[in-house]
Amino acid sequence: MKYRLIQKRNPQDPEGARKWYASPVNAGTLTFQELAAEIAGRSSLTQGDVENVLRNLLEQLPVFLRIGMSVKLGDFGTFRMSLSSEGVDTPEQFDAASHVRRTRLIFTPGVLLKAALATITVEQALPDTAQ
């Protein structure tokens, strides 16, 4: 993984000196179709078959997350929803529409995915390749 150095302030110390931090360099974007073609090339499925499975996953995942289920996809990982809210003094004062600040999707990688990503090495990008 390539990185570039950027200078910024520490959010906990906005008056402090700016420091240099590593920032990942985006090497591009793999499209849905390109991912499906890569997966199809490693299996007996066609690119269309893979795209169909991925589209169905995309349609069904929110259905189960909305009702509060975690969705575990084997060694790939688990998706679940989380929320943050404002506190109130009594349960009667709580109103979801005004006190829930946001919901967000949490992904926890599975053991095999974590292991595969644990071997990532980092190197500074050359100035002409940094984005």
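The side chains of arginine 55 and glutamate 51 meet in a salt bridge, with 3.6 Å from N to O; a salt bridge is defined here as a side-chain nitrogen of Lys or Arg within 4 Å of a carboxyl oxygen of Asp or Glu. The model is predicted, so that local features need pLDDT of at least 70 and side-chain atom pairs count only at pLDDT 80 or more, whereas totals for chains, interfaces and linings use all residues. Residues are numbered from 1 along each chain as its sequence is written, and side-chain values use heavy atoms, with hydrogens and water left out.

Arginine 55 and glutamate 51 are four residues apart in helix 2, and they are therefore separated by about one helical turn. Helix 2 spans residues 47–66; helices (H or I, at least four residues) and strands (E, at least two) are DSSP runs, numbered from the N terminus. Beyond residues up to four places away in sequence, glutamate 51 touches Phe32, Gln33 and Ala36, a contact being heavy atoms within 4.5 Å. Glycine 48 also lies in helix 2 and is partly exposed, at 44% relative accessibility.

Side chains of opposite charge can pair when their charged atoms come close. In total, two salt bridges are counted. Lysine 2 forms a salt bridge with glutamate 123, and the closest N and O atoms are 2.8 Å apart. Because lysine 2 lies in strand 1 (residues 2–8) and glutamate 123 in strand 6, this pair ties together parts that are 121 residues apart in sequence. Lysine 2 is partly exposed at 37% relative accessibility, and glutamate 123 is partly exposed at 42%.

Two surface patches were also examined. Patches are made of residues with over 30% relative accessible area and no salt bridge, like charges being joined within 9 Å and nonpolar side chains (Val, Leu, Ile, Met, Phe, Trp, Tyr) within 5 Å. Arg80, Arg101, Arg102 and Arg104 gather in a patch of positive charge on the surface. Strand 5 (residues 100–109) contributes the largest share of the positive patch, three residues. Arginine 80 lies in strand 4 (residues 77–85) and is partly exposed, with a relative accessible area of 36%.

The nonpolar patch is formed by Met1, Leu117, Ile120 and Val122, which together have about 400 Å² of accessible area, as given by the Shrake-Rupley method with a 1.4 Å probe. Isoleucine 120 is placed in the loop between helix 4 (111–117) and strand 6 (123–124), and counts as partly exposed at 45% relative accessibility.

Valine 71 is located in strand 3 (residues 71–72) and is buried, with a relative accessible area of 15%. Leaving aside residues up to four places away in sequence, valine 71 touches Leu61, Phe64, Leu65, Gly77, Thr78 and Phe79. Valine 71 and phenylalanine 107 are 36 residues apart in sequence and 9.6 Å apart in space, C-alpha to C-alpha.

Note on methods. Buried < 20%, exposed > 50% of the residue type's maximum accessible area, 1.4 Å probe, protein only. Lys, Arg positive; Asp, Glu negative; His and termini not counted. Charge placed at Lys NZ, Arg CZ, Asp CG, Glu CD.
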